[in-house]
Amino acid sequence: MKKNGIINSKVAAVVADMGHMDWLAVGDAGTPVPKTVPKIDLSVVLGKPEFIDVLDAVLSELAVQKIYLAEEIKLENAAMLEKIYERFSEDVEIDFISHAQLKQQLKESKAFVRTGEATPFANIILESGVIF
């Protein structure tokens, strides 16, 4: 048995497979996922697991150089935006795009990790960085 880190085998595998500039998306329970993108569904009941807990697990293992967020999160879910800001240094570029554009961009992700989150605009696209 794996001793630490991500223990979900599908999430662990996609994180391990990430190359520089690959995209991985994490989002709420209501996000429509393109049929061409593998969906790793972690949701159990509405609200569980929370978006931020899943994001923390992914960030514990993934180098990130840029993130994409929906512009709408600024007004519709400021508390979540603040939690997201707390997790990234100034070295990580943040690009705000429309929610419609973010949903379109999901097509470029290696996978989408669905959480049970039930708050609006709790979605992020992570662009993988390098550790050297």
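Guide: Begin with the terms. Helices (H or I, at least four residues) and strands (E, at least two) are DSSP runs, numbered from the N terminus. This chain has five helices and six strands. Along the sequence they follow the pattern α-β-β-α-β-α-α-β-α-β-β.

Visitor: What kind of model is this?

Guide: This is a predicted model: local features need pLDDT of at least 70, side-chain atom pairs count only at pLDDT 80 or more, and totals for chains, interfaces and linings use all residues. Residues are numbered from 1 along each chain as its sequence is written, and side-chain values use heavy atoms, leaving out hydrogens and water.

Visitor: How many of the 132 residues count as buried, as a percentage?

Guide: Buried means under 20% relative accessible area and exposed over 50%, with partly exposed in between (1.4 Å probe, protein chains only). Here, 43% of the 132 residues count as buried.

Visitor: Which residues are buried in helix H1?

Guide: H1 covers residues 9-16, and Val11, Ala12, Val14 and Val15 are buried there.

Visitor: What do the buried residues of H1 pack against?

Guide: Look for contacts, meaning heavy atoms within 4.5 Å. The buried residues of H1 pack against strand S1 (23-27), strand S2 (39-41), helix H2 (51-59) and strand S5 (112-114).
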